[in-house]
Amino acid sequence: MSSPEKSEKVGRSFRNKEDEEKGGFIKKVKDFMEDVGEKIEEKVGFGKPTADVSAVHISHINLKKADIVADVLVKNPNPIPIPLIDINYLIESDGRKLISGLIPDAGTIHAHGSETVKIPINLVYDDIKSTYRDIQPGSIIPYRIKVDLIVDMPVFGRLTLPLEKIGEIPVPHKPDIDLEKIHFKKFSSEETVAVLKLKLQNKNDFDLVLNGLDYDVWLSDVNIGGVDLQKSAKIGKNGVSYMDLPITFRPKDFGSALWDMLRGRGTGYTMKGHINVDTPFGAMKLPISKEGGTTRLKKNKEDRGDDDDDDEDED
């Protein structure tokens, strides 16, 4: 009569042998399938697709958000189309997640062809700034885009193609403006031609190349009109530019407030508009505004000395 210990050892030995045989059988099947796959690949010409983030574009940017498009070039060397199952993407900055998303059923890559798959990404600045307090308007932040492309391949099954791309993106800040003074060129009660002496401060860590601007001006709560004009100037990062802006208005619309202006007293003003600029990150249309400001109105003959000073400042 065999002891329980001997019976247990026999049973364990039998199970181990059975497991070894099962593992060996599975390995043989796996090796066989891989061998078949390789032979099919050799005969039919199957191969793994390749992909690369070929470019990243900022299609639109303003003070609220940046619309980013990542171009992913996918090449299919196979004689049959390959479906893209999912695209997972993540944008991070200094290891911190800014935004992530999923694009399901992203299309099909034609046989022996290549396709550029465009991944649209919407980056909302308020979401970033509320999460990461150290990211300030006017700054430039580094980014890393991570993309997982999941394809369904015959022979290989599902494959994940991991991709990455690094770059920089701005967090724009609107310029500061100050209407320092208004010079009269032609004065009458019916029509006055004047020049606005404008100070424009770039509060960004990147250059702005001004192409044009539009603006409206209010003096003593009276709208004296506005202008839409082409204007060229370069404002360096965190720099200042001075410019002369023409405007025509009717002083009689001001009533008694006009005489206070002409006596050299401070005149309240509001100015609103936009500037069109080129930046290293693409074109932008940025708002300019100033409410509750104070400026001075002077005739040319009373202000020749100031004109000389202004010329020196602008140089």
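## Confidence

Confidence is lowest in helix H4 (residues 304-314), with a mean of 42, and highest in strand S2 (residues 65-76), at 93; helices (H or I, at least four residues) and strands (E, at least two) are DSSP runs numbered from the N terminus.

This is a predicted model, in which local features need pLDDT of at least 70 and side-chain atom pairs count only at pLDDT 80 or more, while totals for chains, interfaces and linings use all residues. Residues are numbered from 1 along each chain as its sequence is written, and side-chain values use heavy atoms, with hydrogens and water left out.

## The open sheet

An open sheet is formed by 4 strands in the order S4-S3-S6-S7, with antiparallel pairing, where two strands pair if DSSP finds at least two bridges between them. Because strand S4 (96-109) and strand S7 (157-170) stand at the edges with a single partner strand each, one side of each is left without a neighbour in the sheet.

Strand S6 (residues 140-153) runs antiparallel to S7 and is joined to S7 by 14 bridges; Ile-145 stands opposite Lys-165 in S7.

## Around Tyr-215

Leaving aside neighbours within four places in sequence, Tyr-215 is in contact with residues including Leu-196, Val-227, Leu-245, Ile-247 and Met-271.

Technical notes
Contact = heavy atoms within 4.5 Å. pLDDT = per-residue confidence, 0-100.
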